[in-house]
Amino acid sequence: MTRNCLPPRARLGPLARFAIAIGCLVPTALGVLASAPASAQVQAAAPANRAIDPARADVARFIAAMNQQHGFPVEALAQLFNQVESKGFILQAIAKPAERTLRWDEYRPRFVLERRIARGVEVFGQYQDELERAEAATGVPIDIMLGIVGVETFYGENVGKHRVIDALSTLAFDYPPRQEFFSKELEQFLVMTREEGLDALRPVGSYAGAMGLPQFMPSSFRAYALDGDADGRRDLWNDWADVFLSVGNYLKVHGWRAGEPVLAFADATDARLEGIDPKLALTETVGSLRARGLRFATRLPDSAPAMLITLRLASGTEYRVGFTNFYAITRYNRSQMYASAVSDLADAIAARRTGQPLPTAPAQTDTGWSTTTSTR
Ligand SMILES: [Ca+2]
């Protein structure tokens, strides 16, 4: 998930809020930021890295809680945090929400591109057995698992270079807006490394602490990761059997229905869409959306839960209808664009490796669908 299971990132508030957030750490940078014009903030150097001081009140409280709740020795955790760094780069990165500002016609080409499709087909060739076993165990199609890992990390090319403990400690202790969330993830990470027999200083991930090829946060790792090759370890960095089974399991637990579609392309030319709940939830049904004049093809019954997918383009809007399985993908990363990109990449990989045609758009549409899909 990007950031598996991460709630939407907190927007960076005004300059003053950022200054408050980091000011206690980096007085020099605070001065620069506070006096800089808005245009210069963006180029401002990241705050300096700092050691995490185990004696600091909030760190000491965290260590005491880990001791009381999970039995970690206080001295061992103090020694661990002595080797942990709060990273200025991470504080800077967390404050830049990128995905929410992109339009669909900007977002999609980043993920559904020739090199990623070709690599997905290649990965299928290398790990067909592992993929087939994961599909049989979870009911999640091979191409959806490839789509997730492709979008998340380009099949392992971008798993992140940050030590997970640095990332989570930085955000747990030095980023007040998300302190609660990241403190819990740091707790889960330490428990996870103990359970898995890992050195807590070794695992690497994204700047937000998302780990391995599928970018699981530590809480998701503990809850949903599985050992796909029965070697006694759950390794989401190196073991592709574990990666695919864990991705499939995550979607299965979050409601995936074997054999059902993810979404349908829709023609909204004559539709009345006012008042539809914009929440990322299955608030409609196939029948209710059809009653509004939305045209789309599906074999699901009228009673099937559904949601309207609204994808903003430079010129207009692309509409789709998401079903239960679309919603399951949004539990992996809470974004309509994310789930749509996973589905499109999966379709493209499936078409390439089977020789079958891609799903087709409605015959008549002025929603811009054809402009964004003609390059697939
Ligand atoms: Ca394993």
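Modeller: Happy to. Strands here are DSSP runs of E with at least two residues, helices are runs of H or I with at least four, and both are numbered from the N terminus. This is a predicted model: local features need pLDDT of at least 70, side-chain atom pairs count only at pLDDT 80 or more, and totals for chains, interfaces and linings use all residues. Residues are numbered from 1 along each chain as its sequence is written.

Biologist: Which helix packs on the sheet, and what does it touch?

Modeller: Helix α17 (residues 336-354) does, touching β5 (263-267), β8 and β9. Contact here means that two C-beta atoms, placed from the backbone, lie within 7 Å. The direction of α17 makes about 95 degrees with that of β8. For such angles, axes are lines fitted to C-alpha atoms, for helices over the stretch in contact, and the values run from 0 to 180 degrees between N-to-C directions.

Biologist: What's the strand order in the open sheet?

Modeller: The order is β6-β8-β9-β5-β7, five strands with antiparallel pairing. Two strands count as paired if DSSP finds at least two bridges between them.

Biologist: Why is one side of β6 and of β7 left without a neighbour in the sheet?

Modeller: β6 (284-285) and β7 (295-296) stand at the edges and each has a single partner strand, so one side of each has no neighbour there.

Biologist: How many bridges join β8 to β9?

Modeller: Seven, between residues 305-313 of β8 and residues 316-322 of β9. A hairpin through two residues joins these strands. Besides the pair we began with, Ile309 has Arg320 as its bridge partner in β9, and Arg312 stands opposite Thr317 in β9.

Biologist: And on the other pairings?

Modeller: β5 and β9 run antiparallel with three bridges, and Ala264 is partnered with Val321 of β9. Two bridges join β6 to β8, also antiparallel, with Glu284 partnered by Ala306 of β8.

Biologist: How many residues of β9 are buried?

Modeller: Five of its seven, so to speak mostly covered. Buried means 20 or more other C-beta atoms within 10 Å of a residue's own, exposed means 12 or fewer, and partly exposed is in between, with C-beta atoms placed from the backbone.

Biologist: On to the core. Which residues touch the most other members of the largest one?

Modeller: Met145, Leu168, Phe244, Val321, Val342 and Leu345, out of 94 residues in the largest nonpolar core. α17 gives the most to this core, with 10 residues. A nonpolar core is a set of buried Ala, Val, Leu, Ile, Met, Phe, Trp, Tyr and Cys residues joined through C-beta atoms within 7 Å.

Biologist: Where does this core lie relative to domain 1 and domain 2?

Modeller: Between them, because domain 1 (15-95 + 160-210) and domain 2 (102-157 + 235-376) both give residues to the core. The bounds come from an automatic or database domain assignment.

Biologist: What does Leu345 touch?

Modeller: Leaving out residues up to four places away in sequence, Leu345 touches Phe111, Val112, Arg116, Ile117, Gly120, Gly147, Gly150 and Val151.

Biologist: New topic, backbone angles. What is phi of Phe154 and of Gln215?

Modeller: Phi of Phe154 is near 55 degrees, a positive value in a residue other than glycine, and phi of Gln215 is near 55 degrees too. Most residues other than glycine have a negative phi. Phe154 is in the loop between α10 (142-153) and β3 (162-163), whereas Gln215 is in the loop between β4 (204-205) and α13 (218-224).

Biologist: Is Gln215 buried or exposed?

Modeller: Gln215 is buried, with 30 other C-beta atoms within 10 Å. Phe154 is partly exposed, with 16.

Biologist: Last one: which residues of α7 are buried?

Modeller: In α7 (residues 104-111), Trp104, Tyr107 and Arg108 are buried. They cover an arc of only 95 degrees around the axis, which puts them on the same side of α7; the arc is that of the directions from the helix axis to the C-beta atoms. Pro109 and Arg110, on the other side of α7, are exposed.
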